[in-house]
Amino acid sequence: MLYSYLKIAFRNLGKYKGFSAINILGLAVGMASAILIFLWISHEISYDRFHEKKDRIYEAWNKGSFNGKLSCWNTTPKILAKALQSDIPEIETTTRVNWTDSYLTKFGEKTIMMKASVVDSTFLQVFSFPVLKGDSASALMNPTGTVITLSTAQKLFGNENPIGKILELNEQYQLTVTAVVQDPPNNSRFQFECLVPWSFLRSQGGDDDYWGNNSTRTYALLKPGTNAETANAKLVEFRKKYDRDDPKGGFFLYPIERWRLYSNFTEGVEEGGMIEYIRIFSIVGAIILLIACINFMNLSTAKSEKRAKEVGIRKVIGAMRHNLMGQFLGESILIAFLAGLLAIVLVQLTLPSFNTFTGKIVRLDYTNAWAWTLWFGFILLTGLIAGSYPAFFLSGFQPTKVLKGAFKKTQAAINPRKVLVVLQFTFAIVLIICTLVINKQINHARNRNNGYNKDQLVYYFMTGTTEKNYTLIKNELLSSGTAVSVTKTSAPLTEGWSNTWGINWKGKQENDRTLFDRFCADQQFVTTAGLELVKGRDFDLETHPSDSTAILLNESAVAAMGFKDPIGQTLQDNGRDWTVVGVIKDFILHSPFAKTQPMFIQGAKGWFNVIHFRLNAANSVSENLKKAASIFKKFNPSYPFDYTFVDEAYGAKFEEEKKMGSLAALFAGLTIFISCMGLFGLATYMAATRFKEIGIRKVLGASVASITTLLSKDFLTLVLLSFLIASPLAWLLMNQWLESYAYKTAIDGWIFLVTGVVSMLIAVLTTSIQAIKAALSNPVKSLKSE
Amino acid sequence: MIKISQLEKIYRTEEVETVALNKLSLEVKEGEFVAIMGPSGCGKSTLLNILGLLDDPDAGSFVFNGIEVAGFNERKRADLRKRNIGFVFQSFNLIDELTVYENVELPLIYTGVKPAERKKIVEDVLDKMVIMHRRNHYPQQLSGGQQQRVAVARAVVNNPKLILADEPTGNLDSSNGNEVMQLLTDLNEQGTTIIMVTHSEHDARYSHRIIRMLDGQTVMENIMV
């Protein structure tokens, strides 16, 4: 029986080649999209799950309230680890991981930049990064030891044994390789090329016992059989003991499986994160697959008149309804199988660009039996979904009717086929509107005045001897005509690295916990950045030597502090008095989609990491960069001239939204593509079934235009209906999405107008080819066939 | 074999009600060859559909082989049908996607006959119908007469007790028509009961008895000698 089903399925595929191609290609595209989304999701879900002790690993989180808002974040005081270990009995051990830094690393003639993380000696006991050479227990004990990854070892030492080799870091420190570990996998939160022991940091004076300095990440490994809730309950008392001034604040342990997917908190309550994207894309993947399945359903049932006779005969000679349902489901599973094969080819072809786009390394594992099982299950499921309705529909034909030719196609105002087309186009139109709104939002934020002049502005991290030679570098950049203005700052203009509520001023309310962005800059900051000065002046140490403790405020800070006349006011921060010399207009330090925060900029007594300089517009950019490179090489010879254009860094702030926009566009395109294939199939079928009607109309004098309109009208009505359903839906969705942005665009009417016109146009183009072809045919031919 | 009494079938649409069978009674004995004649719309086809267990009467009794089948559900009807009844249609009704051999084999698949046995039976029947040389052809590659021979082969392959023929020669020229009528006569002589709907007096003469119908009722019976 199965053989007979397969045989007839294959013959049907061959007989209706066009329909089969549309069916298989449509399903394959849908399946390929679903597979890609599935690969991405499984990669996201697999994050940090490879650690053997994953059930016991937690990250310590901080909680604090700022002006009535409860915030959670995962940087902690460096002292926390030690206190946790001694006070919370459930904790077996703790380990800290500091920010990853790039180090200039030399071994013999070889020099590389190496990404290093400073970690506690327990790091390799808590996290599973397999040690290939050396001893994991002692590898990070010694302050002059270091652990490197396999690929770094190969880069530096080739095939030689790395253990005991001495590396020179930043031309200052000598560290001995104590162990080699496997490179961290792509789905690891920790990405490093080298691990430096915490004791090294301490020996360099980088450790502190200050509870107010939230500057590192702290991880805890619980004892087997203990409960994180019990530990968390104890952390309430723990906070009081260490005397924190915020009654709502505190610490809590956050489990490893929620790091990647959640980690978003609103008012102290976990509220989504990556999981939201996973949900959205799961839904989108399912929708695209469903749309492809709908094509299959529509084309199969449209073809039903051709199959009706077969159904009748089979029933007359003894087929039961379940036999026929089995046959039709078998056919759809066969088509799904062929589509599944094609989908694998499509996925393989698009995977490289997909990986570039998502920044992941996802691949198809052909040796994984589990993956094949899933693939077969997926095909079966797709085949069943796609085939269910046709099987139900076709197997229900009455032989007495179909064999007498009394079978009539349904002319009802609402039939399932029409409903399915409307469903498809509703999805497509929602996605088009979303794409347009997302892009409009991006453009809206892009056109927002960022508060400074990004043009020709470059920054360079002060590596090696840059800080020591800062004045020389600055003078040479200016005297050579490379730059017109130079300043140094604590962080790039596009990034906020520090904030505080611990600043004091005259008139500050006792319970005021306004969070201020903290920034430091040298003289000529306002000039170099092109900021707008509202009151007072820029830093100027030459005219005002006391400007080393001067401070600039932005307008939001002036408002937050309640100053009527800010110039000359004194602020206290980090045990020092700072005098306000100027007020600037707010500029965008963080997200261009968010409100600007109160901010202060401390003068030369601050700390500095970055040089900003504005290139001389009189020269070409390449000429300027060439000169700048030689100047930096001269004063910081060991390091490469790694510079960043501020406008590029600023542009990167739109990356996430841009990706979302591109994804929405991609999915909209795919949905439209698949839907149009289905529409084309239906139009072809319709033109064929109305062949005779067209002939009669032409004989009676109908024009080509009127026939084309007649044939296209039905489909256009459906698309119009889809548009009417999709528009409010998309509006609701996008309104909700925009809610999360403080600086947001409006959802204008033109978006709907454009979408409506475009979708109608697409539908017209898809159906009219067939309609015109039918209208142009010779009526003699169609009427003779009777 | 067949005993029908007071059979009624009414077709209803929103506007009209058509009485297709009006308290019709009829008996057919095993081994008989009966022809049913009458003008279009007299209820011949409805009767044949009910006799073939393709349709259910609205009222009355239908005893088939001693079993009351009026009111049987689709499943039960199909089961009884595939074991006992063969059909021959005016328009042959072969499946275009299957070869001659596969078309004839199909009823055996549905009754669950094992593949090896199927092969033997099908080849036997094709031989009898002199169509063996065309076994791998598709229906559209055959003449009308050949197609109807295949249809007859398919109707008899399950060795049914009853064959229902709906204008079996309607689409054939006279020589092919006679050939098909001879086939049916031969089957009848071998013991198969045959009920045939026809417009052709010539074909009706092959039968033992002609039943004439009008407005859903039998109006006359001619016994052939």
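A residue counts as buried under 20% relative accessible area, as exposed over 50%, and as partly exposed in between. Keep that in mind while looking around this predicted model.

**Nonpolar cores**
- The largest nonpolar core has 104 residues, and Phe123(A) and Phe127(A) touch the most other members.
- Helix 2 (residues 17-45) of chain A gives the most to this core, contributing 15 residues.
- A second, separate core of 51 residues includes Phe328(A) and Leu394(A) along with Ile2(B) and Leu164(B).
- Beyond its neighbours within four places in sequence, Phe127(A) is in contact with His51(A), Ile57(A), Thr95(A), Phe190(A), Tyr219(A) and Trp259(A).

**Aromatic pairs**
- Over all chains, the structure holds 53 aromatic pairs.
- One of them joins Phe107(A) and Phe157(A) edge-to-face, at 4.6 Å centre to centre with 80° between the planes.
- Phe107(A) is in strand 5 (residues 101-107) of chain A and Phe157(A) in helix 5 (residues 150-157) of chain A, 50 residues apart.
- Phe107(A) has 22% relative accessibility, so it counts as partly exposed, whereas Phe157(A), at 4%, counts as buried.
- Phe461(A) and Trp497(A) form a stacked pair, 6.1 Å centre to centre and 10° between the planes.
- Phe461(A) is partly exposed at 34% relative accessible area, and Trp497(A) is partly exposed at 44%.
- Ring pairs also link a cluster whose members include Phe50(A), Phe123(A), Phe127(A) and Trp259(A).

**Charges over rings**
- The charged end of Arg96(A) sits over the ring of Trp198(A), 3.9 Å from its centre.
- Arg321(A) lies over the face of Phe392(A), 5.0 Å from the ring centre.

Terms used
Residues are numbered from 1 along each chain as its sequence is written. Chains are lettered from A and ligands numbered from 1 in the order in which they are written. This is a predicted model: local features need pLDDT of at least 70, side-chain atom pairs count only at pLDDT 80 or more; totals for chains, interfaces and linings use all residues. Side-chain values use heavy atoms; hydrogens and water are left out. A nonpolar core is a set of buried Ala, Val, Leu, Ile, Met, Phe, Trp, Tyr and Cys residues joined through side-chain atoms within 4.5 Å. Buried means under 20% relative accessible area, exposed over 50%, partly exposed in between (1.4 Å probe, protein chains only). Helices (H or I, at least four residues) and strands (E, at least two) are DSSP runs, numbered from the N terminus. Contact means heavy atoms within 4.5 Å. Rings of Phe, Tyr and Trp (its six-membered ring) pair if their centres lie within 6.5 Å; planes under 30 degrees apart count as stacked, over 60 as edge-to-face and the rest as tilted. A charge sits over a ring if NZ of Lys or CZ of Arg is within 6 Å of the ring centre and within 35 degrees of the ring normal.
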